[in-house]
Amino acid sequence: MHETPFIQVDRFTRSGETVSGEIDPMDLPRLRQLLAAPGGRIQYRLTGSVRKDRLGGAQKRVKCIIYGWFFLADRVTLEAQRHEVNLESMLVLVGDESELPPLESEPDDEDTIVCGPRLDILERVEEELLLEVPAAGWTGGASGESAPAGRERRESPFAALKALKDKQ
């Protein structure tokens, strides 16, 4: 597991530190709301760096590598399906919103985020995962208390329409 849930941003980026760990997806409260069943593993590695920006200032950066899996509900069958995660992102950290670049000038391979002196590791990992979850690929109903095998199977709305049509 991880040593501390927070990174001291200045020290972490300036010295090029790396922190890594493993987490159960059920331990991430916002992600847990989207899970179709308990289970899965998420591994992460965050590495800090500093790069000179166009104006000669120091740009604090964190490279995020996150991989693993968890269960999302299939949008057709509503059954739990294993969702694989393998993502890499580069975060540019700024102190306040006035430092955010216009969206159209931000490189596609970087995301600029507002960050104070400390970065919550688990919150950041969760945010990256939430950005990766396919919006149309989950139903969001289960919070993991019961596995989908114990759920009542719901009839497709199209089957109900077909039954109405067949009666006419």
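Student: So a salt bridge is a side-chain nitrogen of Lys or Arg within 4 Å of a carboxyl oxygen of Asp or Glu. How many does the structure hold?

Tutor: It holds 10. Keep in mind that this is a predicted model, where local features need pLDDT of at least 70, side-chain atom pairs count only at pLDDT 80 or more, and totals for chains, interfaces and linings use all residues. Residues are numbered from 1 along each chain as its sequence is written, and side-chain values use heavy atoms, with hydrogens and water left out.

Student: OK. Which residue does Arg41 form a salt bridge with?

Tutor: Glu22, with the closest N and O atoms 2.6 Å apart. The pair links distant parts of the chain: Arg41 is in strand β3 and Glu22 in strand β2 (residues 18-23), 19 residues apart. Strands (E, at least two residues) and helices (H or I, at least four) are DSSP runs, numbered from the N terminus.

Student: What does Glu110 meet in a salt bridge?

Tutor: The side chain of Arg51, at 3.5 Å from N to O. Glu110 lies in the loop between β5 and β6 and Arg51 in β3, so the pair ties together parts 59 residues apart in sequence. Glu110 is buried at 9%, while Arg51 is partly exposed at 42%.

Student: And inside a helix? Where are Glu128 and Arg124?

Tutor: Both are in helix α3 (residues 121-132), 4 residues apart, so about one helical turn separates them. Glu128 is buried at 5%, and Arg124 is buried at 11%. There is a network of salt bridges as well: it links Arg30, Glu126 and Glu127.

Student: What about Glu106, which is buried yet has no salt bridge: which side chain of opposite charge is nearest?

Tutor: Arg61, and it is 9.6 Å away. For charge, Lys and Arg count as positive and Asp and Glu as negative; His and the chain ends are not counted.

Student: So what is Glu106 in contact with?

Tutor: Leaving aside neighbours within four places in sequence, Glu106 touches Pro101, Asp111 and Thr112. Contact means heavy atoms within 4.5 Å. A polar atom of the Glu106 side chain lies 2.6 Å from the backbone nitrogen of Thr112.

Student: Switching topic. How do β3 and β4 run?

Tutor: Antiparallel. 15 bridges join β3 (residues 35-52) to β4 (residues 58-73). Two strands pair if DSSP finds at least two bridges between them.

Student: What does β4 do with β5?

Tutor: They pair in the antiparallel sense too, over 14 bridges, with β5 covering residues 80-94. Tyr67 has Asn86 in β5 as its bridge partner. This hairpin has 6 residues between the strands, and Leu78 in the turn has a positive phi of about 65°.

Student: Last one. How many disulfides does a search of the whole structure find?

Tutor: The search finds 0. A disulfide here is a pair of cysteine sulfur atoms within 2.5 Å. As for cysteines, Cys64 is buried at 0% relative accessibility, and Cys115 is buried at 10%.

Note on methods: Buried means under 20% relative accessible area, exposed over 50%, partly exposed in between (1.4 Å probe, protein chains only). A polar contact is a pair of N or O atoms within 3.5 Å; within protein, one must be able to donate a hydrogen and the other to accept it, and residues adjacent in sequence count only if both atoms are side-chain atoms.
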